[in-house]
Amino acid sequence: MNKLTKLIGSGLLLTAAACSNPPADAGGSSPTDAQLFAGKKVLVAYYSHSGNTQAVAQQIARATGGQLFRIEAVQAYPSAYNRLVEQAQQEIQNGVLPELKTTVPDMAQYDVVFIGSPNWWGTYAPAVKSFLAQYDFSGKQLVPFFTHGGGGMQRCESDMHAQLPQAHFLQAATFPGRSGGADAAELAGWLNNLAQ
Ligand SMILES: Cc1cc2nc3c(=O)[nH]c(=O)nc-3n(C[C@H](O)[C@H](O)[C@H](O)COP(=O)(O)O)c2cc1C
C-alpha cells in the first residue's frame, strides 16, 4: 500500500468525511499532506446535496493539498426526496442555471480544478453547470469526479465536455456514493495516474 493509499484511508479522513454538518469551505484552507500536484495550485470545487460528493472532495483536497470550495445554490432544494428528484429533473430538462451563493475569490491563481458532482438523472447537478458557466478555465486542467447511486458515469463526463468544448479535461472518475467517501485504493489509483 503506498503512502497516498494510506493517507486516503486514514481514520482522520473518514472521521472528517462522516461529519454530517458540512463546513462552509469557501475561503478555508485544506491540509497539505501529500504533494501529488507539487508546484501547482489546486482547487477542489464540489456540489453535494447529501454529503457523499463532499466526502470524496475532502479526500482529494487532502491528497493534493488543494483548496476546497463548496458550490451552493442560493435557493435550497426541497428536503422531501420525491420533490427533490422531480425538481432536479425539471431543471436538467430545461437547462436551468441556478444562482450560486458564493464565488471563488481568485480563480486565476489555480492550475488544476477538480469539479465534483453527484450524478443526477444521468448527468451532473445544475449548480455545477452554473459554476462551470461562470469562470474562464483556459490554461487550466479540469478534473471531473462524480458520485452515483448505481448508474456510474452515464452522461456526466460527456455532458461536461460538451458544456466546455475548449477546456483541457483530464480523466474523470466516478465513485459509488457513500458517506465515508471513495475506496482509498481506487481513489489513489486514479489520482496517481492523473499526476504522472
Ligand atoms: C435528484 C437525484 C437524482 C439522481 N439520479 C441518479 C442517477 O441518474 N443515477 C445514479 O446512479 N444516481 C442518481 N442519484 C443518486 C446520487 O447520485 C448519489 O446518491 C450521490 O452519491 C449523491 O451525492 P451527494 O451526497 O454528494 O449529494 C440521484 C440522486 C438525486 C438526489
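1. Let's start with the core. The largest nonpolar core holds 43 residues, a nonpolar core being a set of buried Ala, Val, Leu, Ile, Met, Phe, Trp, Tyr and Cys residues joined through C-beta atoms within 7 Å. Leu43, Val44, Ala45, Phe114 and Val128 have the most contacts inside this core. The top contributor is α3, with six residues. Helices (H or I, at least four residues) and strands (E, at least two) are DSSP runs, numbered from the N terminus.

2. A word on the model. This is a predicted model, where local features need pLDDT of at least 70, side-chain atom pairs count only at pLDDT 80 or more, and totals for chains, interfaces and linings use all residues. Residues are numbered from 1 along each chain as its sequence is written.

3. Val128 deserves a look. Beyond its neighbours within four places in sequence, Val128 is in contact (C-beta atoms, placed from the backbone, within 7 Å) with Tyr47, Ile71, Ile115 and Ser117.

4. Now the ligand. Thr53, Pro118, Gly149, Gly151 and Gly177 come nearest among the 21 residues around the ligand. Two or more shell residues come from each of α3 (52–64), α4 (81–94), β3 (112–120) and β5 (141–148).

5. Finally, Ala172 sits in the loop between β6 (168–169) and β7 (173–176). Ala172 counts as partly exposed because it has 18 C-beta neighbours inside 10 Å; buried takes 20 or more other C-beta atoms within 10 Å, exposed 12 or fewer, and partly exposed lies in between, with C-beta atoms placed from the backbone. Leaving aside neighbours within four places in sequence, Ala172 is in contact with Pro144, Phe145 and Glu157.

Notes: A residue is near a molecule or strand if its C-beta atom, placed from the backbone, lies within 6 Å of it. Two residues are in contact if their C-beta atoms, placed from the backbone, lie within 7 Å.
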